[in-house]
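This report covers the ligand site.

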Amino acid sequence: MQVYLNGQWLDGDSACVSVLDRGFLFGDGVYEVIPVYGGYAFRLQAHLNRLQRSLHETRIPEPHDREGWQAIVDGLIERFGADGDASVYLQVTRGVAQRDHAFPAEARPTVFGMINPLHPVDEAVLEQGVAAIVREDIRWHRCDIKSISLLGNVLLRQEAVEAGAAEAILIRDGLVTEGAASNVFVVKSGEIITPPTDECLLGGITRELVLELARFHGLAVREAPIRELFLRNADEIWLTSSTKEILPVTRLDGKPVGEGVPGPVWHTMRELYVRCKERLRRGDKICY
Ligand code: PDD
């Protein structure tokens, strides 16, 4: 599959960036992951808004306007074809320059785009739910930026995998922030709760959609801080992301969450989300 690199469409196996690229040397860059259903990029404008914000916060010059990004995403989708679901990955680094921590005087951002098949989470996994572990949030204090510097996230996710779990749910100052690569929701007494966005967590696009869907359909929902004990006593726990959608967590640190099976509120939300996807696949502009 061809990839996009700095204005060119290249063979994915042979596309190269310099060893002096600041993404390689410093993790000095930002990225986006956008799900594509039936050839339609889901919530593209929200993803591009977030990319623009990440660029602004990291003071990386914006390499493209909205039409430019749209053309790259369209080019990737065209190469993939409309059959099957996919995820578009966009990355911008500060560019190539002699190694120096401070910003280089002259560097053009490196822009990279690729598209990969997006495999739906197995129905059997959804029926059972997944396991998660709880860990201290060891990451930096600007997790609202979708930075490619993901060492903390990588180490935490690996800990989860080695514990036989799908995700690490992170705690900072006694409060839930998010997962290593997902946002966290809990359900308690029928109410859906997720931590409010601040600099300690990423404003997930899926998180936003779940909030919108819940509000639109009149479900009880609230953005509020979640204490660790509240998480451990939750009736339901969900993880949300563009690639995993809405995953029910049924075991937390080896103990069952609620009844130990995906809960009724998750089933409702999952149905609403799937309906959204189906509408998008048909080319509907409105998803609910
Ligand atoms: N990650 N929080 C973190 C730390 C994430 O890495 C992600 C997604 C999310 C969910 O955001 P969204 O709903 O916009 O995907 C929250 C992507 C999928 C990744 O790194 O592959």
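The ligand lies between domain 1 (2-117) and domain 2 (123-281), because both give residues to the shell around it. Domain bounds come from an automatic or database assignment. The model is predicted: local features need pLDDT of at least 70, side-chain atom pairs need pLDDT 80 or more, and totals for chains, interfaces and linings use all residues. Numbering runs from 1 along each chain as its sequence is written, and side-chain values use heavy atoms, without hydrogens or water.

The shell around the ligand holds 20 residues, with a heavy atom within 4 Å as the cut-off. Y31, R50, E178, T206 and S242 come nearest. At least two shell residues each come from β3 (29-37), β9 (175-179), α6 (205-216) and β13 (236-241). These are DSSP runs, with helices (H or I) of at least four residues and strands (E) of at least two, numbered from the N terminus.

| Protein side | Ligand atom | Distance |
|---|---|---|
| E178, side-chain N or O | nitrogen | 2.6 Å |
| I205, polar backbone atom | oxygen | 2.8 Å |
| T206, polar side-chain atom | oxygen | 2.6 Å |

Alone, the ligand exposes 470 Å², and the protein buries 89% of that. Areas use the Shrake-Rupley method with a 1.4 Å probe.

Terms used. A polar contact is a pair of N or O atoms within 3.5 Å; within protein, one must be able to donate a hydrogen and the other to accept it, and residues adjacent in sequence count only if both atoms are side-chain atoms.
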